[in-house]
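Please examine the sequence and the structure shown here before reading the briefing.

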Amino acid sequence: GFADDVLRVTDALKLERFFVGGHSIGGMIAIELSGHRPSAIRGAISLEGWTHYEVQRNAFGDVTATTLNAEQEAKRLAARARVRDNLTDEQLVEFASVWRRWNGLPILNSTNVPILELWGDRGRAAPSRATMRIPDRANIRLEWLKGASHSQLIERPAEVAAHINQFIKEIDPYRSTPD
């Protein structure tokens with residue numbers, strides 16, 4: 001449903017080819033869009049977008065501790081509160097359950113859309129592609145941010161931006177600045 005919402009917006013804007021990207025469920029939506037309308041997607045950027053709910057447990061075990069400092073954790077909690085304050089209880093339940101029903105592996109196995117998967121290693125050895133349920137295909141780039149967590153956008157915004165800019169530049173080397 002989220003992917004369909006995005007496509008309604010891109011259709012209304014008459015966008016024919018575009019990059020998509022997101023963090024967490026947003027990364028899952030970017031992957032889903034690569035399966036819905038691959039001819040329109042120039043590239044998909046998935047920042048910690050789980051390919052399946054079991055990945056968290058299988059790849060990172062019981063590591064739930066954040067690598068954020070106190071200031072970063074306060075920013076994360078404030079952003080979370082802003083989102084939660086704008087959702088009904090029913091929407092929160094649905095939002096929290098989406099990732100348990102979704103499986104991105106069939107899309108990743110079949111799409112030819114260039115995909116950037118960016119993950120924080122949580123200060124541990126990076127899990128294998130099989131554990132992450134990210135196929136080893138030429139169009140899928142898997143990058144790791146050492147010492148970062150699920151909150152990589154708060155922890156390492158410049159590093160995340162550099163990875164995204166490099167990905168876009170490689171797909172469209174003539175673009176002077178990404179849009």
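The points below treat the sheet, a buried arginine and a nonpolar surface patch. This is a predicted model, in which local features need pLDDT of at least 70, side-chain atom pairs count only at pLDDT 80 or more, and totals for chains, interfaces and linings use all residues. Residues are numbered from 1 along each chain as its sequence is written, and side-chain values use heavy atoms, with hydrogens and water left out.

**The sheet**
- Two strands pair if DSSP finds at least two bridges between them; E3 and E4 pair in the parallel sense over six bridges.
- Gly-120 has Leu-145 in E4 as its bridge partner.

**A buried arginine**
- Arg-122 lies in the loop between strand E3 (115–120) and helix H7 (129–132); helices are DSSP runs of H or I, at least four residues.
- Arg-122 is buried, because its relative accessible area is 10% (buried means under 20%, exposed over 50%, partly exposed in between, with a 1.4 Å probe and protein chains only).
- The side chains of Arg-122 and Glu-48 are joined by a polar contact of 2.8 Å (a pair of N or O atoms within 3.5 Å; within protein, one must be able to donate a hydrogen and the other to accept it, and residues adjacent in sequence count only if both atoms are side-chain atoms).

**The surface**
- Leu-13, in the loop between helix H1 (2–12) and strand E1 (18–23), is exposed, because its relative accessible area is 56%.

Conventions:
Patch = residues over 30% accessible without salt bridge, like charges linked within 9 Å, V, L, I, M, F, W, Y side chains within 5 Å. Areas by Shrake-Rupley, 256 points an atom, 1.4 Å probe, with all protein chains shown as cover. Salt bridge = Lys/Arg side-chain N within 4 Å of Asp/Glu carboxyl O. Helix = DSSP H or I, 4+ residues; strand = E, 2+ residues; numbered from the N terminus.
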